[in-house]
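Please look over the sequence and the model shown below. The paragraphs after them go through selected parts one at a time.

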Amino acid sequence: MKSLVIVVPELLPVPPVQGGAVEHWVDEASRRLNGADVRLAIVSRPAHSAGQSGIEYIGIPWTKIERFFHRLKERVTWKNPLRYLAKIQNVFSYGRRVARVITNFDVVYLHNEPNLLLFMHKRAGQKIVLHMHNDHLSMRLFRPLYRRALAKVDHVICVSDYIRRQALANFPEYTHKFSVVLNATDPDVFKPYGDEAIRQLQDIVSIAPDKHYLLYVGRLTPIKGVHVLIEAFQAIHRRLPNTRLIITGSSFFGGAAKTSYEHSLITLAAPVSEAILFTGYLPHDKLKYLYSAVDVVVLPSVWQDPCPLVVFETMASGTCLVSSAVGGIPEVVEHGKNGVLVEANNPALLAQAVCDLMASDDIGRLATNARNKIVAGYTWDRLVGELRNKLGLLS
């Protein structure tokens, strides 16, 4: 029996009681990797919650210094050097303790934090796999450190070919180590729920039959382009006054404090505030109904979004997606076939695309094609089969 330890970044726990895209991904994948042929452990911040039977959850508690630097990081912008100082301190503190608990595992499977490799001493026969959910390897400041760190890695899994191409451009000497495993979802969870969705959402939003609903799901940060969506919605609402916008998420998953950007969104939304609902962070057991209840999900990212789970969850739900044509999204969403792609950071084009879609007969066709694509090839069973091969767990 091989032993596998999965390590997530230093901020959030698994099980994902505070949310987190990577943490949710790890929770879903680990439940399916768990079995009689592998001893499985997960290292994260303590969740203080029971997880899957048969999986060992190893919690790395927060220290007082770590919490101080984390609060500091939350209060400053991306342009402030103190943010990077706080990040370095917390990764350093977390990484040293992680390194002490992973030495006796056959396979070490790291997620999205290459800096943790710097603290690891690979023992003979041990395999290390890094899974990149974002384009962190392209950060110029840390590139020399990553070059050293990647020397310890047997394989690097990328969530999209966009991420793989970016990594290869910076580390061509490691070409043989990089491959792609596209994300997945569970179409038995994210699916069309019909009237049940409306009943399950009564404590959050009242879905009126004479209204049309747009939905945004994700973090409320500038790179996600929520400001672009609100600006576009003002034009949409002028043309289609029965349209409503639901914005679901917070600055950093569950429990995050409101940021200046979130307050700016509320100000921006003021002219159409009666038609916009900010729900805050919602868990997946509510999101699955929300995806199903709305007419269109909008993903207005203004950065190179690598391969967001929102894409897969929307498509599996049988709901039409309008998304920026950025990052790895066009690797899954085919414009005019199973979704709509638009130029990023252009409120006028986004508004036009949504209005054109709402006025056409294409919504049902695109949504049906989208769900069929997910069911056919983007399930967790497919992903976990590929993972077992990459991790060397096949018997």
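Predicted model: local features only at pLDDT ≥ 70, side-chain atom pairs only at ≥ 80, totals over all residues.

Residues are numbered from 1 along each chain as its sequence is written, and side-chain values use heavy atoms, with hydrogens and water left out.

Start with helix α2 (residues 64–75) and helix α3 (residues 81–101), whose axes come within 8 Å and cross at roughly 150°. Helices here are DSSP runs of H or I with at least four residues, strands are runs of E with at least two, and both are numbered from the N terminus. Axes are lines fitted to C-alpha atoms, for helices over the stretch in contact, and angles run from 0 to 180 degrees between N-to-C directions. The two helices are therefore roughly antiparallel to each other, a term for angles over 145 degrees. The crossing of α2 past α3 is left-handed, that is, the near helix is turned anticlockwise from the far one by less than a right angle.

On the α2 side, the residues that meet α3 are Ile-65, Glu-66, Phe-69, His-70, Leu-72 and Lys-73. Their partners in α3 include Leu-82, Leu-85, Tyr-94 and Arg-97, where contact means heavy atoms within 4.5 Å.

Helix α9 (residues 284–293) is mostly covered, with eight of its ten residues buried; buried means under 20% relative accessible area, exposed over 50%, and partly exposed in between, using a 1.4 Å probe and protein chains only. Among the buried residues are Lys-286, Lys-288, Tyr-289 and Tyr-291. The cover over the buried residues of α9 includes α6 (195–200), β8 (212–217), β9 (243–248), β11 (296–299) and α10 (309–316).

Leu-277 lies in strand β10 (residues 276–280) and counts as partly exposed at 29% relative accessibility. Leu-277 and Ile-246 are 31 residues apart in sequence, but their C-alpha atoms are 4.8 Å apart in space. Leaving aside neighbours within four places in sequence, Leu-277 is in contact with Ile-204, Val-205, Leu-245, Ile-246 and Ile-247.

How many disulfides does a search of the whole structure find? The search finds zero, a disulfide being a pair of cysteine sulfur atoms within 2.5 Å. For Cys-307, the nearest cysteine sulfur is that of Cys-158, 11 Å away. Cys-307 is buried, with a relative accessible area of 5%. For Cys-320, the nearest cysteine sulfur is that of Cys-355, 14 Å away. Cys-320 is also buried, at 1%.

Note on methods
Parallel < 35°, antiparallel > 145°, perpendicular 65-115°, else oblique.
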